[in-house]
Amino acid sequence: MNNGLRGLKKIDTWVFDLDNTLYPASKPVFSQIDKKMQSFIAARLSITRANALKLQKKYYKQYGTTLFGLMKNHNVNAEEFLEYVHDIDYSVLNRENELKNAIDTLQGRKIIYTNGSHEHATNTLKALGINDCFHSIYDITASDYMPKPRNAAFKSFIKKYNITPNHTLMFEDSLKNLETAHKLGIMTALIRNNDNMTLITDEPKCHFIIDNLTNWLIKVEKNLYN
């Protein structure tokens, strides 16, 4: 067995982030959401799109999601915001049969953990053709809008599914989210893209750094189950 994969034999829960993790960051999905967030903020707060963008990024950095900042500081209705920003074109995604087969092969529970809405997760998974691969979707409403990377959000997630952290592997494109997971004892896998590459050196909080999720999961299958 590949020494780097040896520790995965004990994994019984596989946790997947959604956006820019189950599909490449190059796909124009989150970029659509990004623009809709700017439009929503500009209209709701009567500010320019340029200022809306600044506020959006400020809240994301400060709170973990733009939504949490808008709820806290501007009394924005969360359901209204989520419905608006996730009204996007999912046809930009292709069915990923190889990814489906690779995820299906993993032994144990498979859970989506996203800061997005349940509807957005479902629409994304259906477009990718992998909606039947997962046991559950834990969306932003499940933690009462408390987003990753907050410690309380992760603890709520762990409690909900009775997770044993050191028997769990989490796939994410966000280094900040993996940092919290790592501190709680969860094994971590970073999906590398152009936005996070400059943050990675010999990052100890990442047990695995992955360039192509499908190829990596196929390698896991060959090492663990054959």
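The model is predicted, so local features need pLDDT of at least 70 and side-chain atom pairs count only at pLDDT 80 or more, while totals for chains, interfaces and linings use all residues. Residues are numbered from 1 along each chain as its sequence is written, and side-chain values use heavy atoms, with hydrogens and water left out. A search of the whole structure finds seven salt bridges, each defined as a side-chain nitrogen of Lys or Arg within 4 Å of a carboxyl oxygen of Asp or Glu.

**Around Glu172**

- Glu172 sits in strand 4 (residues 168–172); helices (H or I, at least four residues) and strands (E, at least two) are DSSP runs, numbered from the N terminus.
- Glu172 and Lys148 form a salt bridge, with 2.6 Å between the closest N and O atoms.
- This pair links distant parts of the chain, 24 residues apart, with Lys148 in the loop between strand 3 (136–138) and helix 7 (151–160).
- Both Glu172 and Lys148 are buried; buried means under 20% relative accessible area, exposed over 50% and partly exposed in between (1.4 Å probe, protein chains only).
- For Glu172, the relative accessible area is 0%.
- A polar atom of the Glu172 side chain also lies 3.2 Å from the backbone nitrogen of Ser174.

**Two other salt bridges**

- Glu179 and Lys183 meet through their side chains in a salt bridge (3.8 Å, N to O).
- Because they are four residues apart in helix 8 (residues 175–183), about one helical turn separates Glu179 and Lys183.
- Glu179 is partly exposed at 31% relative accessibility, and Lys183 is exposed at 66%.
- Asp211 and Arg192 also meet in a salt bridge, at 2.7 Å from N to O.
- That pair too links distant parts of the chain, with Asp211 in the loop between strand 6 (208–210) and helix 9 (213–225), and Arg192 in the loop between strand 5 (187–191) and strand 6.
- Asp211 is exposed at 55% relative accessibility, whereas Arg192 is partly exposed at 29%.

**Helix 4**

- Glu79 lies in helix 4 (residues 78–85) and counts as exposed, at 58% relative accessibility.
- Val85 is also found in helix 4, but Val85 is buried, with a relative accessible area of 1%.
- The C-alpha atoms of Val85 and His120 are 9.5 Å apart, although 35 residues separate them along the chain.

Conventions. A polar contact is a pair of N or O atoms within 3.5 Å; within protein, one must be able to donate a hydrogen and the other to accept it, and residues adjacent in sequence count only if both atoms are side-chain atoms.
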